[in-house]
Amino acid sequence: MRRRPGIGGLQNAAAARDQYRLLGENVAKLRTDVLKEQLSTFRSQLEDFARKHKNDIRKNPAFRAQFHEMCAKVGVDPLASNKGFWAELLGIGDFYYELGVQIVDICLATRPHNGGLISLEDLCKLLGQRRKGAREAVSEDDCLRAISKLKVLGNGFEVISVGKKKLVRSVPTELNKDHNEILELAQGQGYVTVDEVQRRISWSSGRAIDALETLLEEGLAMIDDGHRDGRRRYWFPCVSSVSSYVGETL
């Protein structure tokens, strides 16, 4: 017959548990302190790196993207404020705020042509045209970082993926799955027809027309009825190049 532990045994067991708990807390604290020390060292090294390669970071888009990746790994956001150490050292805070203003201007200027949806590729091309005299080249990574800062303006100004393309949305229009499928289908030739949507995506005529007319009402599509076959084309400037006919207005 097993004997139950007495009061003294229970007290000893409780004391042992407390000791293990304290030991675990001390080990966790020690690890946290070590990690904090390592992180502080990494940040200090990152600052030294930034000082040494300041010109490369400001002028070389690829180098700048790698620098941002390094910052993210140690929890540093050089764009969190346009003031402070990073802004004074690199001036990249001002660079991205300036880029954000130019992106807004381009989105507003092209909205009559694309309904507020422009491909990231076209946006970068138009930015390049506008910034011909600027010292710093602009990459798609730069555009994405600048757009992320525009979210403070509320709805709109976000990047969405449609198939292999990234589109920048500057209006609060919500696109559903049907709209995205049509935009992805239109990437091949810049337009779709109701018959093509029915055949390629296996939709009913009503579903295709409903989605296409919604995109038309939102200003994302343009109609072309001038073909001998009598089939209406729905053109989508946001998935075909727009820079050729709007570049002169920017």
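Buried here means under 20% relative accessible area, with a 1.4 Å probe and protein chains only. By that cut-off, 37% of the 250 residues in the protein chain are buried.

Quick ground rules. This is a predicted model: local features need pLDDT of at least 70, side-chain atom pairs count only at pLDDT 80 or more, and totals for chains, interfaces and linings use all residues. Residues are numbered from 1 along each chain as its sequence is written, and side-chain values use heavy atoms, without hydrogens and water.

The overall picture. The protein chain has eleven helices and six strands. Those are DSSP runs numbered from the N terminus: helices are H or I with at least four residues, strands are E with at least two.

Three strands form an open sheet, in the order S4-S6-S5, with antiparallel pairing. Pairing needs at least two DSSP bridges between the strands. Strand S4 (191–192) and strand S5 (222–224) stand at the edges with a single partner strand each, so one side of each has no neighbour in the sheet. S5 and S6 pair over three bridges. Methionine 222 has tryptophan 235, in S6, as its bridge partner.

Next, arginine 233. Where does arginine 233 sit? In strand S6, residues 233–235. Buried or exposed? Arginine 233 is buried, at 11% relative accessible area. Its side chain makes a polar contact with the side chain of aspartate 229, at 2.9 Å. The side chain of arginine 233 also reaches the backbone oxygen of arginine 231, at 3.2 Å. A polar contact is a pair of N or O atoms within 3.5 Å; within protein, one must be able to donate a hydrogen and the other to accept it, and residues adjacent in sequence count only if both atoms are side-chain atoms.

Conventions:
Buried means under 20% relative accessible area, exposed over 50%, partly exposed in between (1.4 Å probe, protein chains only).
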